[in-house]
Structures are given as structure tokens and as C-alpha cells.
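Dear colleague,

I am passing the structure below over to you, together with some notes on what turned up in it. Please read the notes with the coordinates open beside you.

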Amino acid sequence: MSASEDSTAEPSAFHWIAKGMLGIFSPPALILTVSFIGFAALARDAGLDWMQASFMTFAVWALPAKIILVGAITAGVSLPAAALAVGLSSLRLMPMVVALLAEIRTPKTRTLTLLFLSHFVAITGWVYAMERVDQVPRERRALFFGSFAILLTAVNTVVVALVFNLMGQLPALATGALAFLTPVYFLTSLFGSARDLSGRLALFLGILCVPPAHWLSPDFDLLIAGIGGGALAFFLGRAVEARRV
């Protein structure tokens, strides 16, 4: 092979694995890690031990679902009810899983591989991957996403274990502030990664729909606001785009 051919050779699989792992130092990953410090304090205040908090970090993964589970434990909710609440909160990730897997799969990708990677799809991993996956050769995309998401999960599991054992109890205000970093990042990153007007409108309309939805049905306010705001954003976005054509 000539020097010119070698210089234009495609990067190896290890290159994309390393590039995915380096994403652990990106702002989204760092913000999420700081938020998990708040989760460790929250879990400690709720009476969990460090092994339970660490297991929840790796097994449940999405931070909002873990906060819901800790809240259910604190309130003494039954196991089936807590499982239902966590499951409903995770339904929001299904469209993201479908969208991301469609981007990273190839005809040769095994179904078991996709099912395994789907466990690691949360907002941070999804946003990070969707912003960069078009720069990765399709046959390397699963490696790129997997190396980032699995390392991010492992690092946060270790962070929760260490923080749980090393720090004293944080004030409630500090715990809430650390946990609040995650939804703030979610909103800004989702707005930045939205590819059309409907996606951007859905974020704002969903927020605006929460107060009336809570007035109508406090137990189902987020569900009503999500469906109502999303549907309204879809039709408004289509109408605006139709006028531009």
C-alpha cells in the first residue's frame, strides 16, 4: 500500500471507540455527572444504602426515572405502583430509541446488539449521539454510541457510589439545585438538536400546557400536557411550514 493510500484509509474501529469514550468529557456528560451527585444525596436522604443507589444508577439509568423511584420509596408506595410510575416516565424515551437505532443500525447489526444498546438510551446519550452520528461511518455508529453511553453509565455508577460514601448530607436546597441542572440541560439541548419547527414548538407549548393540565387533572398533568402540547406543536409547525412553501 502506498503512503497516499494509507493516509486516506478509513479510521479503525478502535478510533471510533476512543472517540466515543472521549465524549465523557463533553459538557452534556459533565452536567449529567454533577446531577448524579445530587441524586446520591437524594438517595441517601431517602434511606437507601450505597449499593442500592449504585444499582439504580446502572439498571434504571435515566435520572428522572430514578428520582421518581426514590420519591415512591420515600412515600411508601407499593412496588407495582412504583414500577408503573417508572415505566410511564420511561415511555417518553421510546421514540428516541427508535430514532437513534434507525441511525446506527446496518443490515449486519444483530438484534441483540440493538436491544442491548437500547438500555443506554437516555436524553444525554441520545442528544450527544444524534448531534454527531452523521459524522461517523454507519458501520461504526453502534461502536461510537455504545462506547460513549456504556462508559457514561459506568462512570456515573462509580460517582454515585463514591459520593454516597464520602460526603455528608447536603442541604435540601443544594440537592435540589444539583438535580435541577439536568432538566435545564434537557430543555436547552433538545431545543438545539430539534430538526424542525414542530420539535422546538413542542418544548415551549408543553411547558405552557402544564398549569392548565394540572388544574384539570393533577395526577395526569404531565401526560396531558405532553400529548396536548405535542399535538398542538405538530399542527402549528405543519401549518407554518406549509405557508413557507
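Contact, as the word is used throughout this message, means heavy atoms within 4.5 Å. On that basis, residues 24 or more positions apart account for 77% of the contacts in the protein with a separation of 6 or more. Please bear in mind that this is a predicted model, in which local features need pLDDT of at least 70 and side-chain atom pairs count only at pLDDT 80 or more, while totals for chains, interfaces and linings use all residues. Residues are numbered from 1 along each chain as its sequence is written, and side-chain values use heavy atoms, with hydrogens and water left out.

The overall make-up is 13 helices and zero strands, where helices (H or I, at least four residues) and strands (E, at least two) are DSSP runs numbered from the N terminus. Of the 245 residues, 39% count as buried, buried being under 20% relative accessible area, exposed over 50% and partly exposed in between, with a 1.4 Å probe and protein chains only.

The largest nonpolar core has 49 residues, and Phe39, Leu100, Ile104 and Phe145 are the ones that touch the most other members. Such a core is a set of buried Ala, Val, Leu, Ile, Met, Phe, Trp, Tyr and Cys residues joined through side-chain atoms within 4.5 Å. At least two residues of this core come from each of α3 (27–45), α4 (50–59), α5, α6, α7, α8 (111–118), α9 and α10 (141–166), and the largest share, ten residues, is supplied by α10. In soluble globular proteins, nonpolar side chains tend to be buried together.

Helix α7 (residues 94–104) and helix α9 (residues 123–132) have axes that come within 11 Å and cross at roughly 35 degrees; axes are lines fitted to C-alpha atoms, for helices over the stretch in contact, and angles run from 0 to 180 degrees between N-to-C directions. The contact is made by Met96, Ala99, Leu100 and Glu103 of α7 and by Ile123, Trp126, Ala129 and Met130 of α9. Leu100, leaving aside its neighbours within four places in sequence, is in contact with Val121, Trp126, Ala129, Met130 and Phe145. As for α9, eight of its ten residues are buried, so this helix is largely enclosed by the rest of the structure; among the buried ones are Gly125, Trp126 and Tyr128.

A second pair is formed by helix α5 (residues 63–75) and helix α6 (residues 79–90), which pack at an angle of about 160 degrees with their axes 9 Å apart. That angle makes α5 roughly antiparallel to α6, the word being used for angles over 145 degrees, with those under 35 roughly parallel, 65 to 115 roughly perpendicular and the rest oblique. Here Ala65, Ile68, Leu69 and Ala72 in α5 meet Ala82, Ala85, Val86, Ser89 and Ser90 in α6. Ala85 counts as partly exposed, at 31% relative accessibility, and its C-alpha atom is separated by 7.2 Å from that of Ile68, 17 residues apart along the chain.

Lastly, Ile17 lies in helix α2 (residues 13–22) and is partly exposed, with a relative accessible area of 27%. Leaving aside its neighbours within four places in sequence, Ile17 is in contact with Leu143 and Ser147. The C-alpha atoms of Ile17 and Ser147 are separated by 5.5 Å, although these residues are 130 residues apart along the chain.

With best wishes
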